[in-house]
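Let's take a walk through a protein fold together. Have the sequence and the 3D view ready, and follow along one stop at a time.

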Amino acid sequence: LTIEHMPHMAYMVNYRFEVLWLNDMARDGIPGLRGSLPPNTDDRSIFKLLMDHTGEFSTNHTAMLRLNLALAKERMKLEGIVQPLRAMPTNRLQILEELYQEVAPARAGVVSEIPLRFTEANGEVKDYAAYATYFREGILIVVAQQDGNANELLKLLGRRDMVIRTLLSKRLPVLTDMAVLVADLQESVKICS
C-alpha cells in the first residue's frame, strides 16, 4: 500500500484546514471536493468547499462536516473556521455553528480513528473510519470502509517520514500574495568605502 495507490479517500489539510492534497478517490467520493480546487489558499478551506453548494445537505455531507469540525475543534475556535466563509448565507453559517457546538473535539494522537457512517447511492448505509495522522505540515485524513482490515493502512500511516515526503512532493500549487521591496542607499559606494 502506498500513498499514490491508496484505495481509500484521502486528503491533507493544513492547520487552517485548507486542502493541500487530495487523491482521486477523495475528489470523486467526498461532496464538495469534486472538480478542480481553487488556486487561492483562502478558497481552499475544507469548510468552504463542503458548505459551498446548492441544495440540502446529504447525510454524507454532514458526516464530512462533523469529521472536519471534530479535528478542527482541538486547534481552532469557531471564528477562525467561519472567517473564510463570510460571504456565505447566514442560514448556512448557522448550520455550521450548530454542528460545531454538537461535535466533540477529536483526541490528537499519532493516528486518531473517528467512526463515520455514509449512505451509498443505492441507499445502503455503510460504516467507515477516518484515520487522521498529524504532521508538522498538516493533517492527513484517510476515510476507509470499516471492514476490520485496517492493519495495512495503519502500517503505512506509521511510516511517517515516507508518507510526508510523498505528500509534499505531490502538494497542489497555490497562489500566494507576496510583496517585494527593493531599496538602495543614496551614495552607497561612498558609505561602503
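Start by finding F47. Leaving aside residues up to four places away in sequence, F47 touches F17, L65, N68, L69, A72, I81, L85 and L96. Keep in mind as you look around that this is a predicted model.

What is F47 part of? Together with L67, F47 has the most contacts inside the largest nonpolar core, which has 46 residues. Helix α3, residues 59-73, gives the most to this core, with eight residues. Apart from that core lies another one, of 20 residues, including I3, A129, Y131 and A144. There's a general idea behind this: in soluble globular proteins, nonpolar side chains tend to be buried together.

Now for the aromatic rings. How many aromatic pairs does a search of the whole structure find? It finds two. One is made by F17 and F47, a tilted pair with 5.8 Å centre to centre and 35° between the planes. F17 lies in the loop between β1 (9-13) and β2, while F47 is in helix α2 (residues 46-51), so this pair ties together parts that are 30 residues apart in sequence. Are F17 and F47 buried or exposed? Both are buried.

Then look at F118 and Y128. Their ring centres are 5.0 Å apart and their planes meet at 50°, so this pair is tilted. F118 belongs to strand β3 and Y128 to strand β4, so the pair ties together parts that are ten residues apart in sequence. Both F118 and Y128 are buried.

There's one more ring to check out, that of Y100. The charged end of K73 sits over this ring, 4.8 Å from its centre.

Let's finish with the sheet. Strands of a sheet pair through backbone hydrogen bonds, either parallel or antiparallel. Here, five strands make an open sheet, in the order β2-β1-β5-β4-β3, and the pairing is antiparallel. Why do β2 (19-22) and β3 (111-119) each have one side left without a neighbour in the sheet? Because they stand at the edges, each with a single partner strand. As you go from one strand to the next, the twist averages 20°.

Strand β4, residues 125-134, is joined to strand β5, residues 139-145, by seven bridges, and the two run antiparallel. To see two residues facing each other across these strands, find A130, which stands opposite V143 in β5.

Technical notes
Residues numbered from 1 in each chain as written. Predicted model: local features only at pLDDT ≥ 70, side-chain atom pairs only at ≥ 80, totals over all residues. Heavy atoms only, no water. Pairing = 2+ DSSP bridges. Helix = DSSP H or I, 4+ residues; strand = E, 2+ residues; numbered from the N terminus. Axes fitted to C-alpha atoms, helices over the stretch in contact; angles between N-to-C directions. Phe/Tyr/Trp six-rings, centres within 6.5 Å; stacked < 30°, edge-to-face > 60°. Buried < 20%, exposed > 50% of the residue type's maximum accessible area, 1.4 Å probe, protein only. Lys NZ or Arg CZ within 6 Å of the ring centre and 35° of its normal. Core = buried A, V, L, I, M, F, W, Y, C linked by side-chain atoms within 4.5 Å. Contact = heavy atoms within 4.5 Å.
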